[in-house]
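Trainee: I would like to go through this model one question at a time. Can we begin once it is on the screen?

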Amino acid sequence: MFKGVLFDLDGVIADTSTLHFDAWKKLVNKYFSVALPDSIEEKTKGVSRTDSLKVILESLDVVVSDSMFQQLLHEKNELYGDSLNTLSPNNILPGIAPFISELKEQKMKLALASASLNGPLILEKLALSTAFDAVADPSKVACGKPAPDIFISAAKALGLTPAVCVGIEDSIAGISAINSSGAFSVAVGKNPQLQSANLILPSTAELRLDTLRIAYSN
Ligand code: B16
Ligand code: MG
């Protein structure tokens, strides 16, 4: 049986993924006077801030100087940070709070495996900081999702191998990362491209320890 659960943050624990894309849209509109197509959103999910900006600039067919690139990263995070000001436990996605309680009652180890450098701040605002035994630091891993590094680091921080962990993700890049790490992947969401996950649930409200146990042992 698995012993640890590795959580993604944006789109799994909190409803912050739209806030990321809203910030990108505002930024692109300000600097390039164009509307960022919604089709780009999925390509930035689970992907680091730097890699997201690369994807966005490529989609716009725009090249910027290094200093402009840094300025855009900085401003995006300021816009995103502003939107986090009102974040509270009300932004925890459905079913997550009881699921975390159930895992803790059953003595599961919990780690955060988010690409977000704002992860610890968001956990604090959601009043979930003490729920996690470890928070993997995305600034300390060599490669971001879809590489497995953050999930390997999160499992290691729990003193476990990925093989005895379940990873939960809402993004295509994140599911690839979990699969490559050797952990059991659970996707939450309805995007057909999440099909490479070991278990797919339509939403976070369906997360139950028993459901995961049955799928993991099959
Ligand atoms: P930040 P996750 C990811 O979080 C987001 O899905 C992605 O859209 C964002 O670019 C990335 O974090 C970096 O976030 O700018 O706050 O460092 O889904 O891995 O929890
Ligand atoms: Mg996510």
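Trainee: Is Trp24 buried or exposed?
Mentor: This is a predicted model: local features need pLDDT of at least 70, side-chain atom pairs count only at pLDDT 80 or more, and totals for chains, interfaces and linings use all residues. A residue is buried under 20% relative accessible area, exposed over 50%, and partly exposed in between, with a 1.4 Å probe and protein chains only. Trp24 has a relative accessible area of 2%, so Trp24 is buried.

Trainee: In which element is Trp24 found?
Mentor: Residues are numbered from 1 along each chain as its sequence is written, chains are lettered from A and ligands numbered from 1 in the order in which they are written, and side-chain values use heavy atoms, leaving out hydrogens and water. Helices (H or I, at least four residues) and strands (E, at least two) are DSSP runs, numbered from the N terminus. By that numbering, Trp24 is found in helix 1.

Trainee: Which residues does Trp24 touch, not counting residues up to four places away in sequence?
Mentor: Contact means heavy atoms within 4.5 Å. With residues up to four places away left out, Trp24 touches Leu36, Arg49, Ser52, Leu53, Ile56, Leu73 and Lys76.

Trainee: Lys76 is in that list. Is Lys76 buried or exposed?
Mentor: Lys76 is found in helix 4. Leaving aside its neighbours within four places in sequence, Lys76 is in contact with His20, Ala23, Trp24, Leu27 and Arg49. Its relative accessible area is 2%, so Lys76 is buried.

Trainee: What covers the buried residues of helix 4?
Mentor: Helix 4 runs over residues 66-84, and its 19 residues reach 27 Å from first C-alpha to last, close to the expected 27 Å (the expected span is 1.5 Å times one less than the number of residues). Its buried residues are Phe69, Leu72, Leu73, Glu75, Lys76, Tyr80 and Leu84. What covers them includes helix 1, helix 3 (49-60) and helix 6 (119-125).

Trainee: Of the residues that UniProt places under "binding site", which does the lining of the largest pocket include?
Mentor: The unreviewed UniProt entry gives this feature to Asp8, Leu9, Asp10, Trp24, Ser52, Lys76, Ser114, Ala115, Ser116, Leu117, Asn118 and Lys145. UniProt positions are in the numbering used here, feature names are shortened, and annotations may be inferred rather than shown by experiment. A pocket, on a 1 Å grid over the protein atoms alone, is an open set of points where a 1.4 Å probe fits, with protein on both sides within 12 Å along at least five of seven lines, and lining residues have an atom within 4 Å of a point. Of the residues in the record, the lining of the largest pocket includes Asp8, Asp10, Trp24, Ser52, Lys76, Ser114, Ala115, Ser116, Leu117, Asn118 and Lys145.

Trainee: Which backbone nitrogen lies 2.9 Å from a polar atom of the side chain of Ser171?
Mentor: Ser171 is found in the loop between strand 4 (165-169) and helix 8 (172-181). With a relative accessible area of 0%, Ser171 is buried. The backbone nitrogen at 2.9 Å from its side-chain polar atom belongs to Gly174.

Trainee: What is the phi of Asp61?
Mentor: Most residues other than glycine have a negative phi. Asp61 is in the loop between helix 3 and helix 4, and at 71% relative accessible area Asp61 is exposed. Although Asp61 is not a glycine, its phi is positive, about 60°.

Trainee: Which residues does the cis peptide bond with an omega of about 20° join?
Mentor: Most peptide bonds are trans. Pro146 lies in the loop between strand 3 (134-135) and helix 7 (149-157). The cis bond, with omega about 20°, joins Lys145 and Pro146.

Methods
Polar contact = N/O pair within 3.5 Å; in protein donor to acceptor, adjacent residues only side chain to side chain.
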